Amino acid sequence: MASSTTRRASRAAATTDSTDDPISTKILIIGSGFSGLGMAAQLRRRGYSDFLILEKASSVGGTWRDNTYPGCACDVPSLMYSYSFESRGSWSKVWSSQPEIERYLQDVADKRGVTQKIHFGQKLVSGYWSESESRWHLRTESGREYIAQFVVSGVGALHIPNFPEISGIEDFKGEAFHSAQWDHSVDLEGKRVAVIGTGASAIQFVPFVQKEAMSLKVFQRTPAWVLPRKNFTVPPALRTLLSRLPIARRIARWSVYWGAESLAFGLNGHSNLMRPIERVARWNIERSISDPVLRKKLTPSYRIGCKRILGSNDYYPALAAPNTTVISDRIERVTADSIVTSDGVEHPIDVIIYATGFHVTDGFDQLALKGATGEDLPSHWHQTGINTHLGITTEGFPNLFFLLGPNTGLGHNSVVFMIEQQIKYIMKAIDTVESRGAEKVDVRPSVQERFNTDIQRKLAKGVWTNGGCTSWYLDSQGVNRTVWPGFTWQYWRATKDFDPAEYDIA
Ligand code: NAP
């Protein structure tokens, strides 16, 4: 099998055709992560060939291409964190690592005949809807223009690194990088390393950094709840069974699915049900950390589930190691060679690793598309708040669809399930337009408003609002624009039919 690097290089070569003429296609997909590839694979399956994918990078995989930090792995079992139409029994671990997931996505793209539909190195910069033509005109950074009847956004939410606004960070003279842009050329051996942030990314790479660094200082603003988790290598016999017997694979997949779904009760209005899980997380701290001061620092004061629930057997032992210090004092400033905290202590540092997450609710700012009124999507949403119907369509932006759009993220199950429901819904929308001999579809404002009122009412009861924390699920106004409130089967039910009465179709 070709190495990842070789495959990336060959994909980069596919970008070189150049033309000044606009490129026309029926369906234009933005991004080739789980969302964009899934959409393209299903279009292929349904016999569509008139579509293209714009990909800003030189290979597929989205967040699973970009995040290459040591220990990067999915935190939903791979049997479920994969497409139902491309399920696999050969996953080597229960929670697969990033290289295996990236390879899976490359394989799906090749096997499903999608790779040749991707224009690599094409970063979307602007676009507008032409009412007279009923077409989208999109422009990429390289100056190419694309014209499409339908645009499907698969840009994802977790890919624009968030750097903290800390005074002096630009003055730092040592090595510094974000966890999503891991600099593998930096040797951490014998260095004084600082990690800022203690979320899902940090807990995965901290154990590796602790082993290499001379000293590790973990700057924690809010502790995370971390459940015990041992990642198992799947025995070869079980892999063979799951690979050869689709029914066994299906049963295993459904067990994972329903196990995860049960968490939705506690997250959505019955937060007392989260207490037993919280007790397990407390026990995880107690069994791993003997120092009472450190224990206290690491014990969250909010309800488990309010921030993403994490799992690791290695994180706490790495924090308890003699070369690690957890610092919970606020960072005041960064100097050329140190981090200064609010208690006045100056911590000399050689390398800073930012594990400070992503621009999530403002991540859609990159979709600078002007809709039917000429207003662009980010400005529109800055004024109205992020509002959609089912997280898939938004009023005034005809023929534009979102995969993993607003309020369809999850804190308890696989987002690939959500993506697949959205793909089916979008196909039905396109089919409806086609079968009516129409050109465009735009969601009715009243339908969108009803949907948003309903989910915000449900979210008000959820742990993300009442759990006593702030998180990236909330926008700058404290409104949850990220999470689907409820069971994922409820989302399946809400999206299984495309109701033309909810749309203006012309
Ligand atoms: P994150 O969960 O948003 O964590 C960011 C961390 O940085 C938090 O501890 C945050 O503290 C801290 N932080 C942010 N700004 C700061 C500042 N100015 N000063 C000090 N600390 C600051 O980001 P992430 O760990 O990259 O994970 C993001 C999401 O990606 C996850 O929730 C998950 O959905 C996904 N992810 C998944 C996996 C997986 O599947 N295994 C792995 C990695 C990431 P506060 O808590 O106080 O804000």
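Does Cys 74 count as buried or exposed, and at what relative accessibility? At 4% relative accessibility, Cys 74 counts as buried, where buried means under 20% relative accessible area, exposed over 50% and partly exposed in between, with a 1.4 Å probe and protein chains only. The model is a predicted one, in which local features need pLDDT of at least 70 and side-chain atom pairs count only at pLDDT 80 or more, while totals for chains, interfaces and linings use all residues. Residues are numbered from 1 along each chain as its sequence is written, and side-chain values use heavy atoms, with hydrogens and water left out.

Cys 72 is likewise buried, at 5% relative accessibility. The closest cysteine sulfur to that of Cys 74 belongs to Cys 72, and the 8.9 Å between them is too far for a bond, given that a disulfide is a pair of cysteine sulfur atoms within 2.5 Å.

Cys 306 lies in the loop between α10 (292-298) and β11 (310-311), and Cys 469 in the loop between α15 (463-466) and α16 (488-495), so the pair ties together parts that are 163 residues apart in sequence. Helices (H or I, at least four residues) and strands (E, at least two) are here DSSP runs, numbered from the N terminus. The torsion about the S-S bond of Cys 306 and Cys 469 is about -95°, so this disulfide is left-handed. Both Cys 306 and Cys 469 are buried.

A cavity is a set of points, on a 1 Å grid over the protein atoms alone, where a 1.4 Å probe fits but cannot get out, and lining residues have an atom within 4 Å of a point. Grid points are joined across faces, edges and corners, and a volume is the space filled by probe spheres set on the points. The largest cavity has a volume of about 30 Å³. Its lining consists of Thr 198, Gln 220, Pro 223, Ala 224, Leu 298, Tyr 315 and Tyr 316. Five of the lining residues are nonpolar, two are polar and none is charged; Ala, Val, Leu, Ile, Met, Phe, Trp, Tyr, Cys and Pro count as nonpolar, Asp, Glu, Lys and Arg as charged, and the others, Gly among them, as polar.

Terms used
1 Å grid on protein atoms, 1.4 Å probe; cavity = no way out; pocket = protein on both sides within 12 Å on 5 of 7 lines; lining within 4 Å.
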